Amino acid sequence: MKKSILFLFGISISVFAFAQDNTNKNKFRQLGQELPTPNVYRTASGAPGHEYYQQKADYEIDIELDDKEQKIYGVETITYYNNSPDVLTYLWVQLDQNMRAKDSDTKKISTSSMSTRQSFDAIKRMHNEFDGGFKINYVKNAGKDLPYTINNTMMRIDLPQPLKPGGKFSFSIKWWYNINNRMEIGGRSGYEYFEEDGNYLYTIAQFYPRMAVYNEVEGWQHKQFLGRGEFTLTFGDFDVAITVPADHVIGATGKLQNMGSVLSSTEMKRFREAENSTDKPVIIVTQDEAVEAEKEPSDKKKTWEFHAENVRDFAFASSRKFIWDAMAVKFGNRTVMAMSYYPKEGNPLWEQFSTRVVAHTLKTYSKYTFDYPYHKAISVHSKSIGMEYPMICFNYGRPEKDGTYDDRTKYGMMGVIIHEVGHNFFPMIVNSDERQWTWMDEGLNTFVQYLTEQEWERDYPSRRGPAFKIVDYMKGDKSGMMPIMTNSESILQFGNNAYGKPATALNILRETVMGRELFDYAFKEYANRWMFKHPTPADFFRTMEDASAVDLDWFWRGWFYTTDHVDQNLEEVVWYRIDTKNPEVEKELSRKESRADEDIFIGNVRNKTDIKQTWVEKDPEASDFYNTYDPFAVTILDKQDYERYIESLDEEEEALLLSGENYYQLTFKNEGGLVMPIIVEFEFTDGTKEVARIPAEIWKTNDERVTKVFFFEKEVARISLDPYLEVADIDRNNNYWPPKQEPTRFQLYKRRSGGYSPENDMQRQKRAEEAEESSNN
């Protein structure tokens, strides 16, 4: 068998030795130890198993809102269904309001510090003596007291007899609590007081004792509510009667059952018009009517009755200040109502945008998951809040008093509405464990929020989603970071960790790793598999792989289990061309290269001007054959050797020899530790470009350094890594050949008292972050 050797010329490269280790640290090893073992409840495919179960809790609740004293009084009957295979001897009930009790663990573990400059708000919070928490009057079954034990935000109810599989148990609780002033001490729910007109706007949630979740993953999920890790809740049906002042308007979870008793005939007529308006909102309670109601509070009362099925929670908003508008959103033969409730202080922003954004959100989220199953979705405006509950959410975004607003206020309002309405999908329906894993709802929701924002208007200024938005966080101090797979209460840099990083990871999966078609199918499969169920991280990870045939263990490990970052370094580029063996070609090339080198060398350049005449130039007898010999001249022997070489090749080999291809050997170094696809853009000398996309698996056998050869007919002028900013590379200065430095921007300022400076700007940013955090505590 004849073998021909193809000779190439280029610069040699060094050989790298690979370290050996007795432990498998390969970044592509499977997540065998990290993920739980599949079982009859949750399969290896990420789907619910054939024996999957979940508990159910139905509620009958009667409450009264005391608008004079800012208190909630309530009594409820809970019917708990044991669908598990286990016998239960006690039940756990969540008392979330107890985080505001004077002796709560939330206050005890809250860190604090002092400086020479303290805000009044910070000192007020420090001195706060708000008497929060549930005041339990009784817990009864069939009229008899039940023994119970309260441990901070959890209450254990000891059953009179074991609750067997398939059984149910009903009990009643009576309670009351003081409603917190959100504007003074923060909170996910509470009230906002309007000093100008003396009225209150209530956004009420976590207002009733709620069943904890029991399942095969955690047993009873009764991790204490400390303020950050949100809620883990059981699905059920709700019948809720809410008594408020007669001039209040209520928006709530569930379908209003006594509309004729609480709405005027005019309001009823407008609501029917809204049910048929799919292009714009219809105002049901006008601004003039709301302003009139503000003037003279009613001493009478009304009871609003709501019924909701298959929801995990219930919340409501109540105020005489509310303007109310609505429009219809069609899903096949179903009509879903998009609604907004807002005080006059929210206009003109809220009347123009809120309900339209709600409708857009329902449509866009449904496209990527499932058709929105509930009959309505509400956006309520109150200052400094962003919280979500089934069918209703509370959102910030307030113009100045004169009605003007800047783009930050506008897009901030739109973003929070999209985000909080989107929470109807994650976790209100795809009901993940928020107390354990914040990212499973916040991260997934922020990702779909980004898609929804981009479909609202072109070039929407999304805060999170694109890879380059997370770079500053990813390149930060690792001591201030935790992996995404960290319990909700232990997260550092909450917004980046639970919202920004997982949303960015999913966007990179969709755009760069999997592609939109595979990702969208798998993501929708996950949403539909776990609709109205309780998924875990493993269910999400496994479903995304199961529905796409893409092994993503390396991706989950790097992005979710570590704090590694992406820094791909284009370490070396070597350009090769084929040695054609043709003396007419190769000797001429050698001549040009030799002359070029001689002409560049500085000593030779100077000699040509400094040395007027050499010895040989003035003494011909000092020269011989080699002074006139041309080493690059083609001889008859050169031609004969070439002819014999050509005759030894077959047609394919000869064509390859004469192809004139340019070969570029690129060495990539993984400086950051996080393996990612390599995206390379080649720009040719004729101005055209070509992009090569290399899957992350190129790092399988060496996750520190890899080499790959690319070849083209054209000559390459420039090479760029990650040209479209897809992989969150934190250092772009090592992404170019020839090397190119990107400037770092800096700010110039004049130091003045109370004016702008980086220090003042950082302090303002810190205060804003603290305010956002405290509003949710």
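Student: Is Tyr372 buried or exposed?
Tutor: Tyr372 counts as buried, because its relative accessibility is 0%. Buried means under 20% relative accessible area, exposed means over 50%, and partly exposed is in between, with a 1.4 Å probe and protein chains only. This is a predicted model, in which local features need pLDDT of at least 70, side-chain atom pairs count only at pLDDT 80 or more, and totals for chains, interfaces and linings use all residues. Residues are numbered from 1 along each chain as its sequence is written, and side-chain values use heavy atoms, with hydrogens and water left out.

Student: What is the average pLDDT of the chain?
Tutor: The protein chain averages 91, and 92% of the residues score at least 70. pLDDT is the predictor's confidence in each residue, from 0 to 100. Over residues 1–5 the pLDDT is below 50, and that stretch has seven contacts beyond near neighbours in sequence. A contact means heavy atoms within 4.5 Å. Residues 10–19 also have pLDDT below 50, with 10 contacts beyond near neighbours in sequence.

Student: Back to rings. How many aromatic pairs are there?
Tutor: A search of the whole structure finds 59. Rings of Phe, Tyr and Trp (its six-membered ring) pair if their centres lie within 6.5 Å; planes under 30 degrees apart count as stacked, over 60 as edge-to-face and the rest as tilted. Tyr59 and Tyr208 are edge-to-face, because their centres are 5.4 Å apart and their planes are at 80 degrees.

Student: Where do Tyr59 and Tyr208 lie?
Tutor: Tyr59 lies in strand S2 (residues 56–66) and Tyr208 in the loop between strand S11 (199–204) and S12, so the pair ties together parts that are 149 residues apart in sequence. Helices (H or I, at least four residues) and strands (E, at least two) are DSSP runs, numbered from the N terminus. Both Tyr59 and Tyr208 are buried.

Student: And which residue does Tyr372 form an aromatic pair with?
Tutor: Tyr372 forms an edge-to-face pair with Tyr374, at 5.9 Å centre to centre and 85 degrees between the planes. Tyr374 counts as buried because its relative accessibility is 5%. There is also an aromatic cluster that includes Phe28, Trp439, Tyr526 and Trp554.

Student: New topic, strands. What does S4 pair with?
Tutor: One partner of S4 is strand S8 (residues 154–163), in the antiparallel sense over six bridges. Two strands pair if DSSP finds at least two bridges between them. Tyr90 stands opposite Asp158 in S8. S4 also pairs with strand S12 (residues 210–211), again antiparallel, over two bridges. There the bridge partner of Gln94 is Arg210. S4 itself (residues 88–94) is mostly covered, with five of its seven residues buried.

Student: In what order do the strands of the open sheet come?
Tutor: The order is S29-S28-S31-S32, four strands with antiparallel pairing. The edge strands are S29 (689–694) and S32, each pairing on one side only. S31 and S32 pair over two bridges, and Ile719 stands opposite Trp737 in S32.

Student: What kind of peptide bond runs from Trp737 to Pro738?
Tutor: That bond is cis, with omega near -10 degrees. Pro738 sits in the loop between S32 (736–737) and helix H21 (758–775). Another cis bond joins Asn347 and Pro348, where omega is about 10 degrees. Pro348 is in the loop between strand S22 (334–342) and helix H7 (349–368).

Student: Where does helix H11 bend?
Tutor: H11 (residues 494–513) bends by about 30 degrees at Gly500, and Pro502 follows within four residues. The bend at a residue is the angle between axes fitted to the seven residues ending there and the seven starting there. Of the 20 residues of H11, 16 are buried.

Student: What about H9, how far apart are its end C-alpha atoms?
Tutor: They are 24 Å apart, which agrees with the 26 Å that its 18 residues should span at 1.5 Å a residue. The expected span is 1.5 Å times one less than the number of residues. H9 is largely enclosed by the rest of the structure, because 15 of its 18 residues are buried.

Student: Last one. Is Asp459 buried or exposed?
Tutor: Asp459 counts as exposed, because its relative accessibility is 73%. Its phi is near 60 degrees, a positive value in a residue other than glycine. Asp722 also has a positive phi, near 50 degrees, but Asp722 counts as buried at 5% relative accessibility.
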